[in-house]
Structure formats: C-alpha cells, structure tokens
Amino acid sequence: MVLQFDPKFLTSFALVVSMVLFMLYNDLVVKPKRLRSKLSNQGINGPTPSFMIGNIWEIKKAKELITTTPKSPNLEPVDVHDCASLSFPFIETWKQKYGKVFTFSIGNTQILVVNKPEIVRDIITCKSLDLGRPSYEKKTLGPLLGQGIATSNGTKWANQRKILAPELYMEKVKGMMTMIGECATSLVNSWDDIIKENGGSANIKVDEYFREFSGDVISRACFGSNYSKGKQIFSKLEALQEILSKNSLVIWIPGIIKYLPTRNNREAWKLEKDVKNCILEVVRDRKKYANDDNNKFKDLLQMVLEAAKNSNLSEGVIENFIVDNCKTIYVAGYETTAITAAWCLMLLASNQEWQDLVRAEALQICNGKIPDSTMLSKMKQLTMVIHETLRLYSPIPVISREALKDMKFGDLNVPKGVLIWAMPLTSHTDPDIWGSDAYKFKPERFANGVSGACKLPHMYMPFGMGPRVCLGRDLAMTELKILLSLILSNFSFSLSPEYIHSPSLKLLVEPQYGVNLLVKKL
Ligand code: HEM
C-alpha cells in the first residue's frame, strides 16, 4: 500500500522541520560563534568549544584529576590554602594561558571570566536592570529556587528585594539573637554528651551538627511557631539540592535532558511538588488563625504573606511568590552558614595560637553567658578570623551575571546573552592584591577592617557587593559569632587523623569528606 499525503500537509511539515533546524543551527552554532567572535575582536580568547557541550569535557577531566588526589594533614600540614586551584582547576589553567579576562563555554552558553579589578568593580556595582542573574540558574536551580528573589531580574527582582530586605536588617536580626543562642546551646549540649560518653574527648565530624544548627535557625526565622513543619520542608529541600548538584554539568547541554523522566528528574519533580504542598499547608493553617491574633506570627513567612496580600498579584502568582521566596531564603542561608562554620573550625584547629587567642577573647567578653549584640561587637579577633575564613574558603565561588542587553564596562563590550563570572575565590587569593602571603591563614591582616587588609577592598566579596549584595549578611555573621564563641568557650579542638583536606565544588565549595575534629571539654 502506498501512503498518500496531502501536498499542502507535506509543504507545511517541511516548513516546520526547516524552521526547527534553522533555530537549532542558530542557537547551537551561529549565536555562540557570533558571541565568541565579538569577544575575540577585543583580544579576549579561550579554549575551543566542542559542538553542543562546549568545554564540559575539559572541565570534567580537570575536576577528576583533582578529586583523585586529596591531601591528608597527617602527610602534609594544611598551611597553604589554594582553594581555587582545588575546586576550579580548569579556571586556573585557562587564566594562566589566556590572561585575566578570558572566555569559555558550557553547552552553548558563552561565559566571560573577569579577574581585572576595575572591570569587576564596574560589573558588581552596576545598578542597571539590564544586567541580571543568568537565565541558566532558572534551568539548573529552578526546582530549588523557583522565581524567588535570587533568580529573578528587572522590576520583579526589585519589588521582591524591597519587601524582603528590611526583614533581614541588623535591627530585626537583633530580635533573633535569643533564638540563635538557644540553637547554639543545643549543639554545645549534644557535644557535651558525646564527650562524656567517650571519657573526656571525642572524634566529632562537625558538618552535620552545623547543618542542624543553621537549619534550626532558618526554620525558626522563617516559620516561627510552625518550626517543626519548617524542618520537614527543609529536609526535602536538602534532598532536592543533593539531586540537583549531581545534574549540575549535564543540565547545560542543550536539548531535552531536563525534561526526560530519568530517576533523578522524577525524584526532583516529586520533591518540588511535596515542598510546595507543605509550604501551602502552613499558609492555610495561618489563614485559619490569622483573625485570632494578628501579632501571633512574627516571622519571615508572615511578612511574605502580608506583602503578597498587599500586592495586586493574582492568587496563583501569590502562591508562587510565597513558595519561591521561602525556598530561596532557606537555600541561600542554610548551607552557606554551616559550611563557613566548618571551615572556620578547620582553620582554628590547624592554627592553635589563633584558637587560644579567640577563646581568651570569648571567655573574657562573654564570661560564660550567651553573647548579646554589645558583646558580639566587642569580639574583634573572632570577626577577623571569620573574615579570613570567608577570604580563603568563600562558599559561593562565583558571582554571576548575564548581559540582558549589549553592555559596556570601561573598554569592555559585553554582547547580549554573554554570562559574566567574577570569582571571589580567585580574587581573594590574588598575590597582587593581598601580597605574597595571600594563601596563608593570617587573620591579623583584617585588624584594620577590609580596607586595611588589601589594596583593593572591593575585591573582597564573600557576600557579593552592590545592588544584589547578600540579604542575609548580618544574620550569617551573627549566627557564626554566637556559635563559634560558645564552642570556643566550652571546648578545645585539633584536627583528627581522619580529616582529609579536599575542598570541592558541589553547588558550594565544601569540605568533600567533612571536617573531623578531636574535641575536648575545657
Ligand atoms: C556565610 C553565609 C553566607 C554567604 C557567604 C552568602 C553569600 C552570598 C552571595 C555571594 C550572594 C550573591 C551576591 C551577588 O550576586 O552579588 C548572596 C545572595 C543572597 N543571599 Fe547570601 N550568603 C550567606 C548567608 C545568607 C543567609 C543566612 C541568608 C538569608 C537568611 C542569605 C540570603 C541571600 C539572598 C536572599 C540572596 C539574593 C539577593 C539578591 O539576589 O538580591 N544569605 N549571598
């Protein structure tokens, strides 16, 4: 039997196929080539990309080489902290080969890496809404962050920032200090118990305890009295984050991989749906009691709810606004703080003289009490240690932007669609900025603040800078100071023989095998 097709159908079919092919050719070949040639005309070069995958292969190979050779401090002491080479080996290699400004690609996305201080300053302090968060973040982190403040752009971002920022100002954080002190005390008590059981000292892997601590703080700050429901939500978000970090390179490859019902994708979709339902359940409970006592709930969720109520957004949009911003605050604030605390203890464990100094300061100022805001402001040496930790082990290694229109920074023309990466990890250890001891742990460099520590203070950016600077900076610093001062006032610690030094990049830069310490009660 010979199939007969209507000639009109055949013509339309051929037209659609050629349009799809044309669009694919444009997206995968023409556009990336055009962007690269606009950059190379300005003398900006980089490794040659392969079709569809860009430089993913080189990145994967460089990372594999590093992860197979972790260092144990028993063999070599941890006294050189070159975190950038360990977590971004490919960036260091290309920087040496192509200079301080170079380009590479992941999938068909063109990335411009900028290490020149004057350009970095212009980019991260740029107030134009034409410079935004990269659209790929919505692809890679969509299930985790939705379209909350961290992934949105333009007026949508500006509105969310206006609503959320005042809730995390220092004045509000001061009101959270008793709650933070309670969470830290609970961690100290659990270490006390382990140490007692083990006859005076114990080998403790600190990471899970710090995650529990910062998860508790964020759950209580976000959900107040619905805190136990908050914990359930956050454990699902944690699982979702783990799945997405496994997908982080594959998802860049153009095509339909993120839509395929693979095991990872199915799990991620289920968790995303569960989280949304759980948050909306808390919201429904709140609405039931809202008229009983309007002052009952004074937490971030209530503030997001009220902001949504006062806006002229439609019901469906309001739901997403609430769900996405609750998720964003959790994701932005949970692991970053926990990982920083772990790196801080690793550094104090390997620098006993600084551990003794900061402990003496904490004991003298707090005298066994949970610190209040006046005490925290007096703890200068502890602040210096946290700054130095964030310099050497910045948990967020890249500050990324996308040119949403053609843009110009000094002499540099950035075509629309190019992603720009400023790299805290690299600029925090650049010897031209910090001196020849840039890779050493020396908190004393911060004795006169950030401006006294380096020639170009804007190159110190663990919390970013400019209009999109971290909203939770004051909360994070307060959490870290309370937690660390209580630990130092109660315990002494050194690196355990089980500790393996291997900073590695998942979604954040974290200790690949955790931080194991030998902890003793004072
Ligand atoms: C040590 C802990 C933390 C570090 C190192 C850190 C670092 C950062 C960095 C580098 C950015 C991106 C800035 C940019 O793109 O210019 C950021 C954004 C953000 N952070 Fe943090 N953060 C920490 C803790 C927190 C906490 C505790 C919260 C909330 C409770 C939080 C909420 C946010 C939010 C909402 C944004 C997005 C701001 C926007 O796009 O306008 N962060 N953070």
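Mentor: Leaving aside residues up to four places away in sequence, Cys470 touches Phe463 and Gly464; contact here requires C-beta atoms, placed from the backbone, to lie within 7 Å. The model is predicted, so local features need pLDDT of at least 70 and side-chain atom pairs count only at pLDDT 80 or more, while totals for chains, interfaces and linings use all residues. Residues are numbered from 1 along each chain as its sequence is written.

Cys470 is located in the loop that separates helix H20 (449-453) from H21; helices (H or I, at least four residues) and strands (E, at least two) are DSSP runs, numbered from the N terminus. Because 19 C-beta neighbours lie inside 10 Å, Cys470 counts as partly exposed. The scale is as follows: with C-beta atoms placed from the backbone, 20 or more others within 10 Å make a residue buried, 12 or fewer make it exposed, and values in between make it partly exposed. An unreviewed UniProt entry lists Cys470 under "binding site"; such positions are given in the numbering used here, feature names are shortened, and annotations may be inferred rather than shown by experiment.

In the model, Cys470 is among the closest residues to the ligand, together with Ala332, Gly333, Gly464 and Gly472. In total, 24 residues surround the ligand, each having its C-beta atom, placed from the backbone, within 6 Å of it. Two helices, H14 (315-349) and H21 (473-490), each supply at least two residues of this shell. H14 gives the most, with 7 residues. The shell is made up of 15 nonpolar, 7 polar and 2 charged residues; Ala, Val, Leu, Ile, Met, Phe, Trp, Tyr, Cys and Pro count as nonpolar, Asp, Glu, Lys and Arg as charged, and the others, Gly among them, as polar.

Strand E2 (residues 109-114) is largely enclosed by the rest of the structure, because 6 of its 6 residues are buried. From E2, Thr109, Ile111 and Val113 point one way, whereas Gln110, Leu112 and Val114 point the other.

On one side, E2 pairs with E1 over 6 bridges in the antiparallel sense, and Phe104 has Ile111 as its bridge partner in E2. The hairpin of E1 and E2 has 2 residues between the strands, and Gly107 in this hairpin takes a positive phi near 60°. E2 is also joined by 4 bridges to E8, and these two strands run parallel. Leu112 stands opposite Ile420 in E8, and Ile111 has Leu419 as its bridge partner there.

Strand E8 (residues 419-422) runs antiparallel to strand E5 (residues 399-403), the two being joined by 4 bridges. Within this pair, Ser400 stands opposite Trp421, while Ile399 has Ala422 as its bridge partner. E8 is covered on both faces, with Leu419 and Trp421 buried on one side and Ile420 and Ala422 buried on the other.

Apart from residues up to four places away in sequence, Leu35 touches Gln110, Pro415, Gly417 and Val418; Gln110 is one of the buried residues of E2.

Conventions. Pairing = 2+ DSSP bridges. Contact = placed C-beta atoms within 7 Å.
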